[in-house]
Amino acid sequence: MCDTPNITRLSYRMSTFTDPIDIINDRDVRFFFDLAMQNPFELYKLYVIQESDVGSSGLSCLNNLKAPDLNIPLKESFDILNDECPNLENNYEKSLTSHNQSGSSSIVFDAGHIFNNKEEMKLELGKKALLEHFEFKVDRSSKTRYEVSCLGDGCEWRFKAHAIPCGNLWFVKHMNDSHTCSKTQTHPHFRQANPKVLGHFLKEQLKDSGRIYRAKEIVKDFRQRFEVEITNLQAWRGKSYALELLQGTTRDSFAELPIYCYNLKLANPGSVTHILVDEQSRFEMVFVALGAAIRSFMLNLRPVVIIDAAHLKGEFKGTLFLAVGMDGNNQILPLAYGIGKSEDGESWTWFLSKLRDCVGEIADMAIISDRANSIHVGVRNVFPRVYHGLCCRHLMMNLRLPSSKKKEYEALWWKTCKSYRMSDFTESFNALCLAVPRIRQVLTNIGFGRWARAHCPGNRYHYMTSNSAESINSLSRFSRKMPITQLIEFFRESVQKWFYDRRLQGMQESHSLTQWAQKKILKKIEGSRTWTVAGIRVNSFVVDDGGKRGVVDLSNRSCSCRVWQIFGRT
């Protein structure tokens, strides 16, 4: 086809941003010209790659072509190409280099430069204006033409582009890149700082989902970096668009949810997912429980489930439902999580029913939560025979203890909640009610067994609050801004990382106690140094801690102080 020697590659590009398409045989040539005949010839760039004797390569235009028998005026067509683009090689390399250096101080578009679509062209122009500190106005915008000029009075900067027929491509017809105005002025409310342009520059800063990047900080950064002024509203819209580029839209995320759940179960055996929809197939709730977490709870964890809910912060203003368990090292493990429209009795009933399908009804199981009526309804509907304890901290906040001696009253409250002996509870409770008489009837109506350790009919071990679930909610405070699939994926990644880290920790501490257990034992040893112990019979001892006495029976694994029964055997 070509008299040029040492040709190793013949290819063409639809634009400077697309990959080259190789021409290998007559069929490829026919395809190229069928495509080229429908559009202006000057818009296609045809190149040959030549290998020199030393192995280096070069890029050049085609000359002296010999046409195969395709019934197409191949020679004439290539002459037109070469006449229209005499500096094709230099223009191509210059355009491509200037585009790839978008982080530099300027972007250059030569005549013939091709954009994939009009939106890309407008974005690149906006980036150029932001980097070079000038504003432009749109003189003409239609389906076939786009012309802009510098906003400065009398400035000769111009940009003109035309659309390529039968496609979305646009090419630069003319551009005068010389400004005759001053570009040193800092413009208030920079007009080219639209969400797409700002979002392009904010993507990198927002890849860390844990970063708090406020609008006023974005305004300050753009003032220092680009010497332009943008408003808080522009900054917020740009940030929203950047997050959309990184995470996808909320609508797309909901559409991907069934596929995500399906693949999640394939990749994690034993995992359970459920999606609840209404009569019109609109989303209502989703439930996710990872197989590894469920197996760990059934085989290794204490039979205590701590549940809580938190509001979502993204475009979808829903509710996150959470159930966590605790292992022997006092470490938190999310058992199940779900997302719904609101926190009500019906939502909690559905969520807890799916959790029951995963773990069943375990003997001596306990559920800890705050005093929300919706949770109470859900627990009674799904786990009627399970002990349901209240978070003592939430209950204390609801009591609104007087602020005059708040610390003193709070200390007395916690002493009442955590008492093991009935005598200790009665003493502390009466003292608290004497100081704040109005709370006696409230706590009596709630029931001592739901918040006081001494009256607990079940076994809540030493978990007197729902802080474990609150900790996970705090961990996800930034992720709760994400679309739904991204939020679910955050929990999966977190659980996977924790399993890996704890497996390594277990291998390193296989022959010794964990750090948490060591600290607990050392604290007990230090606290018992002054105790006196006297035997009364075989495996029975009287222990005096300096304040009260207890009888320890090692045979029955019991103590009259009730600490061992409630906490020690865990």
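Is Asp 364 buried or exposed in this predicted model? With a relative accessible area of 63%, Asp 364 is exposed, where exposed stands for over 50% relative accessible area, buried for under 20% and partly exposed for anything in between (1.4 Å probe, protein chains only). Asp 364 sits in the loop that runs between α10 and β15 (366-369); helices (H or I, at least four residues) and strands (E, at least two) are DSSP runs, numbered from the N terminus. Its phi is near 65°, a positive value in a residue other than glycine. Arg 400 also has a positive phi, near 50°, and is not a glycine either. This residue belongs to the loop between α12 (392-399) and α13, and its relative accessibility of 65% makes Arg 400 count as exposed.

A word on conventions. Because the model is predicted, local features need pLDDT of at least 70 and side-chain atom pairs count only at pLDDT 80 or more, while totals for chains, interfaces and linings use all residues. Residues are numbered from 1 along each chain as its sequence is written, and side-chain values use heavy atoms, with hydrogens and water left out.

Now for the overall picture. The protein has 19 helices and 20 strands, and 44% of its 570 residues are buried. Taking contacts (heavy atoms within 4.5 Å) between residues at least 6 apart in sequence, 59% join residues at least 24 apart.

In soluble globular proteins, nonpolar side chains tend to be buried together. Here the largest nonpolar core contains 61 residues, and the members that touch the most others are Val 286, Ile 307, Phe 351, Leu 352 and Ile 488. A nonpolar core, for the record, is a set of buried Ala, Val, Leu, Ile, Met, Phe, Trp, Tyr and Cys residues joined through side-chain atoms within 4.5 Å. Helix α10 (residues 345-359) supplies the largest share of this core, with seven residues. Once neighbours within four places in sequence are set aside, Ile 488 has contacts with Leu 257, Tyr 260, Val 286, Val 288, Tyr 337 and Ile 339.

On to helix packing, starting with α4 and α5. Helix α4 (residues 118-132) packs on helix α5 (residues 195-202) at about 70°, with the axes 9 Å apart; axes are lines fitted to C-alpha atoms, for helices over the stretch in contact, and angles run from 0 to 180 degrees between N-to-C directions. The two helices, α4 and α5, are therefore roughly perpendicular, on a scale where angles under 35 degrees count as roughly parallel, over 145 as roughly antiparallel, 65 to 115 as roughly perpendicular and the rest as oblique. On the α4 side the contact involves Glu 119, Leu 123, Gly 126, Lys 127, Leu 130 and Leu 131, which meet Lys 196, Val 197, His 200 and Phe 201 of α5. By class, these residues divide into five nonpolar, two polar and three charged; Ala, Val, Leu, Ile, Met, Phe, Trp, Tyr, Cys and Pro count as nonpolar, Asp, Glu, Lys and Arg as charged, and the others, Gly among them, as polar.

Phe 201 of α5 is buried, at 8% relative accessible area. Apart from neighbours within four places in sequence, Phe 201 touches Lys 127, Leu 130, Leu 131, Phe 222, Arg 225 and Phe 226. Its C-alpha atom is 8.9 Å from that of Gly 238, which is 37 residues away along the chain.

Helices α13 (residues 406-418) and α14 (residues 422-435) pack at about 150°, their axes 8 Å apart, and are therefore roughly antiparallel. Tyr 409, Leu 412, Trp 413, Lys 415 and Thr 416 of α13 make this contact with Phe 425, Ser 428, Phe 429, Ala 431, Leu 432 and Ala 435 of α14. Eight of the residues are nonpolar, two polar and one charged.

Helix α14 also packs with helix α15 (residues 439-446): the axes come within 8 Å and cross at roughly 135°, so α14 and α15 are oblique to each other. Phe 429, Asn 430, Leu 432 and Cys 433 of α14 are in contact here with Ile 439, Arg 440 and Leu 443 of α15.
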